[in-house]
Structures are given as C-alpha cells and as structure tokens.
Amino acid sequence: MIALLDANNFFVSCERVFRPDLMNKPVAVLSNNDGCLISRSNEVKALGVPMGAPYFKYKEILKDHNVAIFSSHFTLYGDMSGRMMDLIDSLVPRIEVYSIDEAFIDLSGVRDIEALCNHIRNLIWRSLGIPTSIGIAKTKTLAKVANHYAKRVPAFKSICYLKEDPRVDQALKLLSVGEVWGIGRQITKKLEGQGILTAYDLKRVDPRCMRQNFNVVGERIVRELNGVSCLELEDIEALKKSTQVTRSFSKTITELDELRSTIATYATRLGQKLREQGLVTKNVMVCIRTSKFRASDPQYANSHTMVLPSFVGQEGQLDLFSRHVEEPFQSEKLWEALDLVNKRYGRGTVFSAACGKGLTWKDQKKHLSQPYTTSWHHLPLVFAK
Ligand SMILES: [Mg+2]
C-alpha cells in the first residue's frame with residue numbers, strides 16, 4: 001500500500017501557524033509580484049474565488065469579505081515543508097517528496113496502516129500546526145484518487161483508505177476522467193470524445209489501446225487504476241528537463257533599456273536556480289507578453305530562444321562571464337562566492353552590471369509576513385498570562 005500525504009491549503013496553513021487569530025477566517029496567498037491567488041483557505045474557496053484568479057480583479061470582493069491577504073513567502077513555506085518532510089521521514093520506512101506539500105509514503109510491511117497514518121497526521125498537526133489529508137491505496141494513481149476524497153468528504157476525517165475493489169470502483173465512478181493524476185486537458189478532451197467520462201471508464205480501457213492512442217504514460221495510468229503498481233517511488237524523480245522564472249510585472253514596462261535589465265535580473269535568478277539544482281543548460285528562452293487581463297490594451301507576445309556559446313561538461317556550470325572555457329572551475333568558484341554573498345546579505349547584494357536599473361524596482365510584496373522560522377530577529381513572540 002502507498003499513501004499520499006498532502007497538506008491542506010499549504011501556503012495559507014503556513015501563514016496561519018504564526019497568525020492563530022486567522023484560524024477559521026478567510027485567508028489567501030498571492031503569487032510573485034502579488035499577481036494572482038495561489039492558495040485559498042476553504043472560506044475563500046466558498047466565496048467562489050477561483051484558483052489563479054488575478055488579484056486586482058477580485059480585490060474588492062476580497063476586501064468586502066475581510067479576507068486576509070499575504071504575499072507569497074517561499075522562504076517560510078520551504079522551511080515548513082522541510083520540517084514536515086523530516087517528521088514524516090522519521091516515522092516511516094520510505095518517503096518520496098513529490099512537491100512542496102505532498103509526499104508519497106511506502107507502507108509495505110506496516111501492520112496497522114490506518115493507525116500509522118492517523119499518527120502521522122496528528123503529529124504534523126501537533127508539532128507544526130499544519131493540517132493534512134492522506135489517501136491510501138495500492139498504487140500512486142489510486143492514492144491520489146483517495147486523497148481527493150480525503151480532502152473533500154468530511155466523513156473520512158481527512159484519511160481515505162481505498163482498500164478493496166467495490167470501494168475503489170465506487171470512488172472511480174464518481175471521479176471525472178480529467179481529475180485523474182497525469183491526465184491533462186488535451187487527453188481529457190480526446191477521452192471524453194470517445195465516451196470515457198469517469199475514472200472508472202478509464203480503468204476499463206485496454207491498456208495497450210491506451211498506449212497506441214496516447215503514450216506509455218497513459219498505459220501506466222490505466223494499469224495503476226487497476227491496482228497494478230508501475231510507477232516506482234524513485235522512478236518519479238526523473239531529471240528535470242527545464243526550469244523557469246516567470247513574473248507578472250507590477251507596472252507596465254515601455255522602455256527597451258528597462259526591459260533589458262529586467263530580463264538580465266531574471267536571467268541571474270535563473271542561473272542561481274540552475275546552480276542550486278546542479279543543472280546545466282544549453283538553451284535559454286525569453287518570453288514576454290502584455291497583460292491578458294487588460295483586454296482593452298493592444299496585445300503583444302513574443303519569444304526568442306538562444307543557444308549558449310559555451311557550456312561545460314555534464315556536471316559543469318554555465319559560463320556567463322568568461323570566454324575562456326578552459327577555466328571553468330574559476331568561474332564556478334566565482335558564482336559560488338556570489339551565491340553565498342547574496343544568500344547571506346540578501347538577493348541583489350552583488351549583481352552583474354547588465355541588471356543595471358532592473359534591481360531598483362523589486363517584486364511587489366506588499367503583504368509579506370515575517371521570516372518566523374529562518375531569522376533570529378523575527379522569532380515569534382509568545383506572551384503567557
Ligand atoms: Mg496541498
């Protein structure tokens with residue numbers, strides 16, 4: 001059996017840990033630059049404000065309902081996520097961190113599965129104050145389905161165990177095919193065109209046909225729905241093929257110089273991200289577009305891909321400064337030092353001249369909370385009476 005543990009409204013939950021006054025009150029977290037809503041408390045979901053809604057469009061509604069707004073604070077969320085994963089790891093034989101707030105747990109050899117899962121949930125709640133939901137089933141795909149119900153059906157009390165077939169089928173019949181893990185929008189359309197509307201319909205498709213009509217992943221999903229595990233825990237940790245930095249700007253950029261230095265600033269961040277993940281790249285793509293939410297303005301979108309002149313070995317680093325490819329290690333050390341300085345003294349302490357003015361306007365983060373867990377100066381204060 002495999003469990004999928006998923007934190008409920010994770011970013012909102014992280015903010016609430018340090019703002020207990022917001023428990024059971026409407027809370028939303030915005031994307032970078034305070035652009036869109038990326039995490040909503042149940043109260044905000046109940047208002048009908050959709051995921052990804054542009055903030056400026058819903059500002060009034062959110063204000064009318066006294067919704068507490070936070071800018072995204074990834075240092076805080078990353079740290080809370082690390083604590084949560086460490087905690088799970090200390091209780092189970094094997095976990096695979098799937099995203100910032102999700103982990104698959106290998107339950108082979110565990111005797112009382114439900115008791116263990118209850119214990120994990122309770123301990124995370126007691127130690128970190130983060131509410132979670134757990135779905136348990138024979139395969140990862142089915143564990144995802146179980147988690148879907150754990151979150152939505154109050155009677156399950158946040159743990160849904162799809163143990164045997166009549167129960168599994170019942171769950172699959174009530175789930176539309178597009179909700180199945182790995183079934184994207186395009187495939188959903190095609191499947192619906194063929195009369196495959198629910199996860200149960202998909203389960204009954206011949207896996208080989210699925211492979212012929214779609215791909216090997218499609219085939220695996222069908223097998224997994226049938227209880228045959230074909231996604232090993234480590235399989236999923238496939239090498240990342242691409243990484244990106246995207247922002248909606250807090251103001252309209254009309255000057256080419258400003259656009260240039262802004263792109264240089266984001267390229268710098270991207271380089272830092274690549275180095276953190278130990279990745280190298282040969283291709284860089286830059287995309288720009290006007291705001292699609294300002295439909296009355298003339299619209300423009302364009303992109304350009306560049307092949308970098310030099311890049312060092314498979315394990316090597318990008319060589320952005322020097323033209324001397326024979327000295328890669330020197331540039332590696334330089335970047336290492338730069339990253340270290342910027343990490344210790346704040347992003348943008350040292351930057352390349354190309355970023356120029358780009359750094360004078362910062363990401364808009366009007367509603368940022370304190371770095372409670374990562375800075376000695378911002379430890380939360382507790383008063384006891
Ligand atoms: Mg979640």
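# Reading strands, sheets and a metal site

Colleague: In what sense do β1 and strand β7 (residues 132-137) pair, parallel or antiparallel, and over how many bridges?

Modeller: β1 and β7 pair in the antiparallel sense, over 6 bridges. This is a predicted model, in which local features need pLDDT of at least 70 and side-chain atom pairs count only at pLDDT 80 or more, while totals for chains, interfaces and linings use all residues. Residues are numbered from 1 along each chain as its sequence is written, and side-chain values use heavy atoms, with hydrogens and water left out.

Colleague: What counts as a strand, and what counts as pairing?

Modeller: Strands of a sheet pair through backbone hydrogen bonds, either parallel or antiparallel. Strands (E, at least two residues) and helices (H or I, at least four) are DSSP runs, numbered from the N terminus. Two strands pair if DSSP finds at least two bridges between them.

Colleague: Which way do the side chains of β1 point, and are they buried or exposed?

Modeller: In a regular strand the side chains alternate between the two faces of the sheet. In β1, I2, L4 and D6 point one way, A3, L5 and A7 point the other way, and all are buried. Buried means under 20% relative accessible area, exposed over 50%, and partly exposed in between (1.4 Å probe, protein chains only). For β1 (residues 2-7), that makes 6 of its 6 residues buried.

Colleague: In what order do the strands of the sheet with β1 stand?

Modeller: The order is β5-β6-β1-β7-β8, an open sheet of 5 strands with mixed pairing. β5 and β8 (159-161) are its edge strands, each pairing on one side only. From one strand to the next the twist averages 15°. Helix α4 packs on this sheet, touching β1, β5, β6 and β7, and its direction makes about 155° with that of β5. Touching here means contact, that is, heavy atoms within 4.5 Å. Such angles run from 0 to 180 degrees between N-to-C directions, and axes are lines fitted to C-alpha atoms, for helices over the stretch in contact. Helix α6 (residues 140-152) lies across β1, β5, β6, β7 and β8 and runs at about 140° to β7.

Colleague: How do α4 and α5 cross?

Modeller: The axes of α4 (residues 74-89) and α5 (residues 113-128) come within 10 Å and cross at roughly 140°. Angles under 35 degrees count as roughly parallel, over 145 as roughly antiparallel, 65 to 115 as roughly perpendicular and the rest as oblique. α4 and α5 are therefore oblique to each other. The contact is made by M80, R83, M84, L87 and I88 of α4 and I120, L123, I124, S127 and L128 of α5.

Colleague: Which residues are the protein donors of the magnesium ion?

Modeller: Donors are N, O and S atoms within 2.8 Å of the metal (3.2 Å for Na, K and Ca); water is not among the atoms, so sites may look incomplete. Here the protein donors are D6 (OD), A7 (O) and D101 (OD), lying 2.1 to 2.4 Å from the magnesium ion. A7 lies in β1 and D101 in the loop between β5 (94-99) and β6, so the pair ties together parts that are 94 residues apart in sequence. A7 and D101 are both buried.
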